[in-house]
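Subject: Structure handover

Hello,

Here is the structure I promised you. Please open it alongside this note; my findings follow below.

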Number of protein chains: 2
Amino acid sequence: MDNVLERCRIAPSLDGGASELFLPLTFFDMFWVELHPVQRLFFYEFPCSKTHFIEKIIPKLKSSLALSLKYFPPFAGNFVYPSNTSNLPQIQYKTGDSVSVTFAETNDDFNYFIGNQAREADKFYKFLPQLPPTIQFSESRLIPILAVQVTLFSGCGISVGLTNHHVVGDASTTVNFIKAWASICKFGVDAQTLFYLPLYDRCLIKDPNGKLAQKYWNELRRKVRATFIIEEAKIKQLKNVIVQSKGYNNSSSHLSTFTVVCGYVWSCLAKSGAAIGEKDGDEYFIVAADFRARLDPPLPPNYFGNCIGPCFAISSRAKLIGHEGFSIAAELIGDAIYKRFFNCGEGGVLRGAEDWPTQINSLDWSRALGTAGSPRFDVYDADFGWGKPKKFESVSIDADGSMSICKSRDCDKDLEIGLSLPKMKMDVFANVFSDGLDSL
Amino acid sequence: MDNVLERCRIAPSLDGGASELFLPLTFFDMFWVELHPVQRLFFYEFPCSKTHFIEKIIPKLKSSLALSLKYFPPFAGNFVYPSNTSNLPQIQYKTGDSVSVTFAETNDDFNYFIGNQAREADKFYKFLPQLPPTIQFSESRLIPILAVQVTLFSGCGISVGLTNHHVVGDASTTVNFIKAWASICKFGVDAQTLFYLPLYDRCLIKDPNGKLAQKYWNELRRKVRATFIIEEAKIKQLKNVIVQSKGYNNSSSHLSTFTVVCGYVWSCLAKSGAAIGEKDGDEYFIVAADFRARLDPPLPPNYFGNCIGPCFAISSRAKLIGHEGFSIAAELIGDAIYKRFFNCGEGGVLRGAEDWPTQINSLDWSRALGTAGSPRFDVYDADFGWGKPKKFESVSIDADGSMSICKSRDCDKDLEIGLSLPKMKMDVFANVFSDGLDSL
């Protein structure tokens with residue numbers, strides 16, 4: 001059985017090391033600010049008892065890690081992400097910073113992991129640490145750079161797993177650090193001659209025109225969220241546009257407040273993408289539809305759990321940005337809902353559900369707009385005794401490119417739409433959106 | 001200045017509540033296993049002093065949360081992800097489980113956040129909690145379901161932020177829970193008549209053919225990693241194929257071990273995608289190239305930090321899977337490297353770098369293969385005193401669809417390639433890869 005033997009924090013040896021180090025981000029570093037952590041895992045065949053591991057190996061790994069961190073203090077530090085994004089992020093090490101280290105043992109089969117054959121990807125994560133939680137201060141978030149886990153496969157071997165933020169350095173930098181740690185551990189001395197000493201001089205990177213790092217940072221931080229209200233009168237006008245459009249067939253489409261509002265946002269977004277020069281291609285809309293009332297037999301509304309499934313619409317960008325763009329968008333979404341719920345034939349509303357994961361995984365998500373929430377939701381009803389909320393935000397739309405949708409705060413026939421977009425695209429969208437409604 | 005006033009854990013009131021609850025995942029739930037957490041934020045205009053907040057509001061929020069969790073215990077529980085993926089994941093609540101709750105205060109401008117105008121997306125995260133870390137046991141990982149943060153904007157208002165795993169339920173379920181909490185808080189009583197009581201009966205969801213949840217789970221867990229060795233002799237043969245191919249022009253391409261190996265893997269992967277019925281379209285290859293030696297002046301190899309940038313190759317799937325697929329792939333990658341480093345003209349190797357983030361964000365990543373590592377890296381050199389590693393794994397390629405590349409363990413002229421793919425695709429790839437090398 002798996003077992004944590006020890007959790008500890010290892011700080012750089014102070015003897016001769018830096019007491020603090022601030023590294024600004026170059027444009028090469030700026031690239032990696034948002035990337036998932038990098039995880040590397042080394043398996044060593046080394047038959048070793050638990051006693052030997054605890055009494056000899058762990059102390060040696062700790063002392064050698066402390067010595068190697070002396071030369072590589074950023075790995076013990078944090079990535080500092082400023083709250084005020086007029087400031088630039090940086091990497092910071094201060095005396096007292098340390099690396100989270102876990103020592104564990106497992107009864108898993110060592111030989112399974114060291115083969116070249118296909119092995120379940122999931123099974124490796126137990127040998128890798130998670131980065132410690134981000135710490136939120138008023139001026140900044142501190143995001144830990146590195147965590148380490150060393151696991152004993154009793155009598156067989158040892159794994160060394162490292163999880164690090166990519167912003168600290170690329171594979172060349174990280175592998176050099178790992179080798180430095182390994183060498184000091186192997187030779188049992190603080191021998192800086194065993195490895196390349198790292199070079200921290202940021203001035204060596206010439207930033208073309210001197211502002212590429214700032215430009216990259218601007219790109220990163222310029223995602224903004226905004227809320228758009230569509231009033232009841234405008235929703236009625238949008239419905240009229242559809243009913244009067246030449247291709248409209250009321251027996252094969254689903255015309256609703258939801259479809260016209262989604263269609264309107266989808267077409268405005270496509271127009272905004274075109275206006276800022278995003279490349280042409282197909283655009284996707286994915287309705288996250290509530291199936292509770294659609295199942296046979298229907299579920300009660302208080303069923304606890306997930307009961308939403310996708311309806312897919314696809315269109316070329318060209319069609320969505322044309323004069324008929326809104327009608328086409330709304331009708332495609334209406335058709336998708338109609339086919340899913342009202343004309344589903346054999347298999348009912350779950351027809352094709354076995355392929356949903358594949359369909360979703362094969363989508364180009366950079367060109368897809370999904371929905372979060374529903375026009376039926378009155379989130380403004382959540383009153384803790386302080387009156388109705390002044391504002392609701394579906395913050396996680398940042399991560400998945402969805403539009404949030406709910407009843408508006410001030411009139412429950414109006415709808416509130418939330419979007420999170422790059423600043424430039426949002427500016428264009430806001431104009432396209434309001435101009436389009438004004439011209440109805 | 002921002003300030004944490006209290007961190008605590010709130011458990012469901014035990015009075016009349018369940019002592020434990022296990023919910024199997026339906027196929028509707030299975031969909032959300034891998035999704036990022038959902039984050040919702042409510043802003044209330046409620047001029048309230050810090051004293052009032054601490055003495056009145058916090059105790060009331062705590063007791064009402066405990067009462068509402070009694071009816072919604074899964075929100076206090078964990079998502080249980082089994083280590084042995086022959087078992088199914090489930091949601092589990094046991095007596096003793098609780099929700100992590102943070103109370104904080106801020107001096108930020110309340111009015112900035114409650115507007116509809118475009119506001120910096122980043123600025124909202126300080127009002128939202130992170131989920132507590134996953135706990136790794138031998139049999140499973142426990143992933144917390146919910147965390148709450150309530151923030152006082154002194155004299156102005158209060159925000160209530162919730163971060164939850166989507167696997168517990170959709171917006172309908174979560175909003176019902178939030179409203180239940182709000183109602184109990186507002187009316188100060190344990191009044192279950194105030195909201196829909198949740199219904200936990202999983203049998204209400206009829207799984208078509210009775211195995212859709214299992215099928216979705218199989219899809220999720222069937223990602224596998226595998227290692228492929230390309231021996232020196234085969235690398236030479238691959239180079240020969242290129243030199244003898246009709247389109248080859250040695251003055252405008254970069255023929256190297258790296259380009260032929262990447263080209264070979266890229267074409268094999270395209271063939272594997274075609275073989276399992278992935279839709280046709282463009283395929284992308286992104287070299288993460290080390291710029292240290294290429295900058296003017298060059299950086300020393302021990303420069304600490306990131307110094308890698310992209311070289312982009314693009315091809316239609318059709319070309320990569322044809323008879324000349326490998327040559328085309330290798331030459332496209334060679335051309336991209338040649339243009340980047342050897343024929344870069346004005347602006348040098350950083351020409352166009354201002355557009356790199358846009359290019360990378362607009363890629364269809366489901367069709368892109370990147371590189372992690374380098375044939376120059378001898379990761380097997382990392383010896384802690386236990387001999388060279390028996391095996392190295394670049395685990396984070398799971399997350400970004402890269403191929404890892406390094407010197408092989410047993411012969412440093414051979415190369416080791418790591419891939420992480422769905423099981424079905426990996427099986428096909430392994431055959432395509434070895435058949436192709438055999439036929440050289």
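Start with Pro297(A), which sits in the loop between β13 (282–290) and β14 (308–316) of chain A. A cis peptide bond joins this proline to Asp296(A), with omega at about -5 degrees. Most peptide bonds are trans. Chain B has a cis bond too, between Asp296(B) and Pro297(B), and omega there is about 0 degrees. Pro297(B) lies in the loop between β13 (282–290) and β14 (308–316) of chain B. Keep in mind that this is a predicted model.

Next, how the two chains are arranged.

Asp364(B) deserves a look of its own. Its place is in the loop between α10 (356–361) and β15 (368–373) of chain B. Is Asp364(B) buried or exposed? At 9% relative accessibility, Asp364(B) counts as buried. The side chain of Asp364(B) makes a polar contact with that of Ser366(B), at 2.7 Å. Leaving aside neighbours within four places in sequence, Asp364(B) touches Leu363(A) and Asp364(A) from chain A, and Tyr284(B) from chain B.

Now helix α5 of chain B, residues 212–221. Its buried residues are Leu212(B), Ala213(B), Tyr216(B), Trp217(B) and Arg221(B). They span an arc of only 165 degrees around the axis, which puts them on the same side of α5(B). What do they pack against? From chain A, the partners are β7 (119–120) and α10 (356–361). From chain B, they are α1 (27–30), β4 (78–82) and β12 (223–230).

Lys211(B) lies in the loop between α4 (171–187) and α5 of chain B. Lys211(B) counts as exposed, at 54% relative accessibility. The C-alpha atoms of Lys211(B) and Thr26(B) are separated by 9.8 Å, although the two are 185 residues apart along the chain.

On to the nonpolar cores. The largest has 123 residues. Phe291(A), Leu419(A) and Val160(B) have the most contacts inside this core. Helix α7 (residues 257–275) of chain A gives the largest share, ten residues. A second, separate core has 119 residues, including Leu25(A), Ala171(A), Phe177(A) and Tyr303(B).

Last, the cysteines. How many disulfides are there over all chains? A search of the whole structure finds zero. Take Cys8(B): the closest cysteine sulfur, in Cys185(B), is 14 Å from its own, too far for a bond. Cys8(B) counts as buried, at 16% relative accessibility. For Cys262(B), the closest cysteine sulfur is in Cys311(B), and 11 Å is again too far for a bond. Cys262(B) also counts as buried, at 0% relative accessibility.

Best wishes

Notes: Residues are numbered from 1 along each chain as its sequence is written. Chains are lettered from A and ligands numbered from 1 in the order in which they are written. This is a predicted model: local features need pLDDT of at least 70, side-chain atom pairs count only at pLDDT 80 or more; totals for chains, interfaces and linings use all residues. Side-chain values use heavy atoms; hydrogens and water are left out. Buried means under 20% relative accessible area, exposed over 50%, partly exposed in between (1.4 Å probe, protein chains only). Helices (H or I, at least four residues) and strands (E, at least two) are DSSP runs, numbered from the N terminus. The arc is that of the directions from the helix axis to the C-beta atoms. Contact means heavy atoms within 4.5 Å. A disulfide is a pair of cysteine sulfur atoms within 2.5 Å. A nonpolar core is a set of buried Ala, Val, Leu, Ile, Met, Phe, Trp, Tyr and Cys residues joined through side-chain atoms within 4.5 Å. A polar contact is a pair of N or O atoms within 3.5 Å; within protein, one must be able to donate a hydrogen and the other to accept it, and residues adjacent in sequence count only if both atoms are side-chain atoms.
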